[in-house]
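Subject: Structure for you to look at

Dear colleague,

I am handing over the structure that we spoke about, and my notes on it follow below. Please read them with the structure open beside you.

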Amino acid sequence: MNYTLITGACGGLGGAFVRLLAERGEPLFLTGREESRLQKLADTLLSELPELQIEYFPCDLADERSRGRFFAYADSVKARFSRLIYVAGADVQKGFEKYTEEKLVMQTRVNFEGAVSFTRAVMGRSDLNGTTEFLAVGSVSGLYPMPYFALYSATKKALWQFYAALRVELKGRAKVTCVLPGAIPTRQDVRKYIKKQGLWGKLAALPPEKVAEKSLKAVQKNRRSVVVGFWNKMMRISTAPIPLSLKMKFIAKKWQKTEKDAF
Ligand SMILES: NC(=O)c1ccc[n+]([C@@H]2O[C@H](COP(=O)([O-])OP(=O)(O)OC[C@H]3O[C@@H](n4cnc5c(N)ncnc54)[C@H](OP(=O)(O)O)[C@@H]3O)[C@@H](O)[C@H]2O)c1
């Protein structure tokens with residue numbers, strides 16, 4: 001059986017991908033850290049869509065042994081993959097001096113190492129016949145270095161660059177896309193933050209369902225990367241001529257009062 005593998009399946013954006021593809025009847029292989037949440041999600045989907053082919057297995061993406069157990073299970077059920085959607089990410093946000101070693105290791109691994117590792121593992125379990133799709137969720141925060149959001153921004157940039165290079169290596173064998181969304185009202189703390197942004201928040205934030213839909217379209221078209229949403233695209237174009245030093249000054253001022261740590 002050829003599955004779409006979705007990481008972060010129990011999260012806000014991951015959940016939107018799950019729902020969209022489940023309604024299309026696509027076989028799904030879901031992962032997140034907690035088995036009970038995965039089971040609940042699978043049960044809900046199956047109660048509405050009893051024909052759905054669904055597998056799940058928990059995985060801590062920051063832990064290589066856990067990743068190993070995940071693919072050992074996938075192999076034991078003879079799973080193959082036609083699509084990877086790497087949604088999982090940790091948007092810990094604070095001044096770098098406030099980080100603990102544990103938090104920086106976790107964020108770097110989930111946002112980058114886990115994505116690279118899952119991509120390799122899925123490549124080895126795919127036909128790579130030109131239709132296989134690799135979709136990674138980056139962020140507009142990876143467009144520029146972001147003081148006070150420095151690690152998140154760097155990991156998302158790394159993911160974006162890795163996927164851009166891999167796309168060339170897999171030309172003709174797979175579609176490889178990294179999408180860069182702006183704000184998405186998912187968790188409570190993110191929704192609160194968007195509200196605080198006033199008009200800009202209202203204009204630029206896109207619901208997770210829209211982001212999922214646009215992201216799937218982008219990978220189907222085999223786009224290298226896509227900034228998701230009209231206002232986020234405008235922001236990128238209009239800020240391009242501004243010197244980086246000025247942009248970073250503005251970003252530092254904007255972010256230094258914000259702290260986020262839901263992980
Ligand atoms: N919300 C935004 O404004 C926004 C904007 C741009 C980009 N993004 C990106 O979009 C993605 C989804 O974000 P979201 O807003 O949907 O946030 P979310 O609801 O908090 O989802 C994050 C997901 O990452 C998973 N995850 C975190 N650490 C993990 C670990 N160690 N092992 C396995 N899974 C782990 C979580 O899985 P569990 O089920 O185990 O908790 C959760 O499902 C992230 O990559 C984020 O960076 C979000």
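Gln107 is buried, with 23 other C-beta atoms within 10 Å (a residue is buried if 20 or more other C-beta atoms lie within 10 Å of its own, exposed if 12 or fewer, and partly exposed in between, with C-beta atoms placed from the backbone). This residue is found in helix α4, where helices (H or I, at least four residues) and strands (E, at least two) are DSSP runs numbered from the N terminus. Leaving aside neighbours within four places in sequence, Gln107 is in contact with Ala90, Val92, Leu151, Tyr152 and Thr155, a contact being a pair of residues whose C-beta atoms, placed from the backbone, lie within 7 Å. The C-alpha atoms of Gln107 and Trp160, which are 53 residues apart along the chain, are separated by 16 Å.

Please keep in mind that this is a predicted model, in which local features need pLDDT of at least 70 and side-chain atom pairs count only at pLDDT 80 or more, while totals for chains, interfaces and linings use all residues. Residues are numbered from 1 along each chain as its sequence is written.

Gln107 also belongs to a helix pair: Leu104, Gln107, Thr108, Asn111, Phe112, Ala115 and Val116 in α4 meet Leu151, Tyr152, Thr155, Lys156, Ala158, Leu159 and Phe162 in α5. By class, this contact of α4 with α5 has nine nonpolar, four polar and one charged residues (Ala, Val, Leu, Ile, Met, Phe, Trp, Tyr, Cys and Pro count as nonpolar, Asp, Glu, Lys and Arg as charged, and the others, Gly among them, as polar). Helix α4 (residues 101-123) and helix α5 (residues 150-169) pack at an angle of about 10°, with their axes 10 Å apart; axes are lines fitted to C-alpha atoms, for helices over the stretch in contact, and angles run from 0 to 180 degrees between N-to-C directions. The two helices, α4 and α5, are therefore roughly parallel to each other, given that angles under 35 degrees count as roughly parallel, over 145 as roughly antiparallel, 65 to 115 as roughly perpendicular and the rest as oblique.

Val137, in strand β5 (residues 132-137), is likewise buried, with 27 other C-beta atoms within 10 Å. Not counting residues up to four places away in sequence, Val137 touches Leu13, Tyr86, Val87, Gly89, Val179 and Pro181.

Turning to the ligand, 29 residues surround it, and the closest are Gly8, Gly11, Gly32, Arg33 and Gly89 (a residue is near a molecule if its C-beta atom, placed from the backbone, lies within 6 Å of it). Helix α1 (residues 12-23) gives the most to this shell, with three residues, and by class the shell has 15 nonpolar, eight polar and six charged residues.

Two loop residues may deserve a look at the backbone. Leu128, in the loop between α4 and β5, has a phi near 45°, a positive value in a residue other than glycine, and counts as partly exposed with 13 C-beta neighbours inside 10 Å. Asn222, in the loop between α8 and β7 (225-228), has a phi near 55°, also positive in a residue other than glycine, and is partly exposed, with 14 other C-beta atoms within 10 Å.

For the protein chain as a whole, there are 10 helices and seven strands, and 39% of the 263 residues count as buried.

With best wishes

Conventions: Contact = placed C-beta atoms within 7 Å.
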